[in-house]
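Thanks for making the time this morning. I would like to walk you through one model, so please have a look at it before I go on.

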Amino acid sequence: MTGFEPQFPRLRRPSIKGMLLALGAALLLVGGGASGAVAAPGDTKPYDDKLMRLAEILGAVHYLRELCSANDGQVWRDRMKELLDTEGGTALRRARLTRSFNQGYRSYRRTYVTCTPTAQSSIERFLAEGIQIGDGLVKNTP
């Protein structure tokens, strides 16, 4: 850890652990709504752009949290596996989701070699965005 603590208004700031739990719950709910669907080869869904962004965020957070010594282990890869299990109905969808995860991971691996205040800030922004995407998908998916 760098000892960096971002400044927020006096409103109660959600903890990283709380964000982890909320993002995990949103991912499980997103997947649960689509698990019974049978996907056709080359299938696309109206929410694919958001799903790909979520996969990219998971990859970036996996790298950055590890870089910043969060000791999460494989939690972010496990979340990605859950997403693949529920939304990766075809080999093409699985490949697209995996590519997005890897793109997020690799782009931040090229950018950060040490944990910096900016890296810490990126983690929090990604977690918040991931929760927002997950919540939106849950609300808008039948």
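Let me start with Asp85, which is partly exposed, at a relative accessible area of 48%, and please keep in mind throughout that this is a predicted model. Its side chain meets that of Lys81 in a salt bridge, with 3.0 Å from N to O, and Lys81 is likewise partly exposed, with a relative accessible area of 48%.

Now, what does Arg93 pair with? Its side chain forms a salt bridge with that of Asp48, at 2.8 Å from N to O; because Arg93 belongs to helix α4, residues 91-111, and Asp48 to helix α2, residues 48-67, this pair ties together parts that lie 45 residues apart in sequence. Arg93 is buried, with a relative accessible area of 1%, and Asp48 counts as buried too, at 3%. Glu87, which is also buried, forms a salt bridge with Arg93 as well, the closest N and O atoms being 3.1 Å apart, and a network of salt bridges links Asp48, Glu87, Arg93 and Arg96. The total count is eight salt bridges.

Stepping back to the whole chain, there are five helices and zero strands, and 40% of the 142 residues are buried. Of the contacts between residues at least 6 apart in sequence, 81% join residues at least 24 apart.

Finally, helix α5, residues 117-140, reaches 35 Å from its first C-alpha to its last, close to the 34 Å expected, and its buried residues include Phe126, Leu127 and Ile131.

Technical notes: Residues are numbered from 1 along each chain as its sequence is written. This is a predicted model: local features need pLDDT of at least 70, side-chain atom pairs count only at pLDDT 80 or more; totals for chains, interfaces and linings use all residues. Side-chain values use heavy atoms; hydrogens and water are left out. Helices (H or I, at least four residues) and strands (E, at least two) are DSSP runs, numbered from the N terminus. The expected span of a helix is 1.5 Å times one less than its number of residues. Buried means under 20% relative accessible area, exposed over 50%, partly exposed in between (1.4 Å probe, protein chains only). Contact means heavy atoms within 4.5 Å. A salt bridge is a side-chain nitrogen of Lys or Arg within 4 Å of a carboxyl oxygen of Asp or Glu.
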